[in-house]
Amino acid sequence: MRTILITGPGGSGRTTLAAATALTAACEGTRTLVLSADRTDTLGAALGSGTGPAPQEIAPHLTAWRPDATEGFREDLTAFQARAASAFELLGARRLDPEELTPLPGAEELALLRALRDAALAESHDLLVVDLPPTHEALALLALPEELRRYLRRLLPPERQAARALRPVLGRLAGVPMPAEWLYETAARWDLELAAVQAVLADRDTVVRLVAEPGPAGTDAVRTATLALALRGLRPDRLVANRVLPEPVADSWLAGPHAQQRKALDEWQESYDVRNVPHLGRDPRGSDDLAALCVPGVNGTASTIEWPVTDRLAEDGVLVWHIPLPGATRDELDLVRRGDELVVTAGPFRRIVPLPSALRRCTVDGAGLTEGELRVRFAPDPDLWPRTQ
């Protein structure tokens, strides 16, 4: 199954283009599911048919689904309270009734991730089109499964579960109660669910597509999104330039905006596979308007970027880790080695990545940014590196 994750800055028309992409694929006979986490039904407005918490067939081969974050949040918290009843009683805390629970910020995004996982595992469709939140929130959403799994492993390491029989003894020695069995079971279940989402996002059949309106603000947003995606090991398969104005007649007031758009488009075409979507002169609504947009279809490219390690031991005595970061500048980069992890900061974005096995036995020997690629040099640690006779 192919998955297209569509995002762009707020107001770029990403939801409309997600709807148009899904409808175009469905008209070609592809079994398509389009997902959205928007609390207001902007997806339904674009499709000309309301969407809701249950998958709904909109047109032949096209299903739309807008998961209910409220219901999912209530079910999860109610189940958690039931498992933690003894702890609540010990603390003298009162449980919350399901009727008084309202979703916290971010609940829509978590509901979307869960729906994305469920749709991928169900394998009931050939194409999954996901209307992600605006770029900034979407980037945080794409990072969430990896980061939450790291937090779980640090707070409740799986290897500690092997000492189940010792927990009562350790609890008495430490004078504090040890984590209950259900807590480790819950952590293991969460880790499994997050791993499933992470696998979908990292799959080679999953692509990220950027939508932006050509202009100075759109150019800044595209540059920021490209850098953040690269830090996640991703790149956009296509950049969709939305609401492109027609060639103006002489002395038309459109001459200025058109020239501004043309300048941005010329710049984008140097680095991206750009596809133009015309401005219809109105907000697209319904299948006829969506078809008139002529959005780009699905291609066979992948969004994943390799971070290779090259062996330069014979020439320079180092191993080099190549991390593509297009658009990054030296003054906004920062690297910190923490045990077997590397903390990479690029502008406002940060990612903690595990080192490849060979590099864990090395020390950092320096780094440099060359033509949009960060090259980190690692020198073998004599105390850890195998000795040659």
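## Helix α10

Let us start with helix α10, which spans residues 255–268: its 14 residues reach 20 Å from the first C-alpha to the last, close to the 20 Å expected at 1.5 Å a residue. (That expected span is 1.5 Å times one less than the number of residues in the helix.) Five names to look for here are H258, Q261, A264, L265 and W268, the buried residues of α10. They cover an arc of only 125° around the axis, which puts them on the same side of α10. The arc is taken from the directions that run from the helix axis to the C-beta atoms, and buried means under 20% relative accessible area, with exposed over 50% and partly exposed in between (1.4 Å probe, protein chains only).

What do the buried residues of α10 pack against? Their partners are β6 (206–212), α9 (216–231), β7 (236–244) and β8 (274–278).

## About the model

This is a predicted model, in which local features need pLDDT of at least 70 and side-chain atom pairs count only at pLDDT 80 or more, while totals for chains, interfaces and linings use all residues. Residues are numbered from 1 along each chain as its sequence is written, and side-chain values use heavy atoms, leaving out hydrogens and water.

## The whole protein

The protein has twelve helices and 15 strands. Both are DSSP runs numbered from the N terminus: helices are H or I with at least four residues, strands E with at least two. Of the 389 residues in the protein, 44% are buried.

## Strand β6 and its neighbours

Back to β6, one of the elements that α10 packs against. Seven of its seven residues are buried. On one side of β6 sit T206, V208, L210 and A212, on the other V207, R209 and V211, and all are buried.

β6 runs parallel to β1 (residues 2–7), with five bridges between them; I4 has V207 as its bridge partner in β6. Five bridges also join β6 to β7, again in parallel, and A212 stands opposite A241 in β7. (Strands pair if DSSP finds at least two bridges between them.)

Together, β6, α9 and β7 make a right-handed β-α-β unit. Right-handed here means that, with the strands pointing away from the viewer, the path from the first strand over the helix to the second runs clockwise.

Definitions and conventions: Contact = heavy atoms within 4.5 Å.
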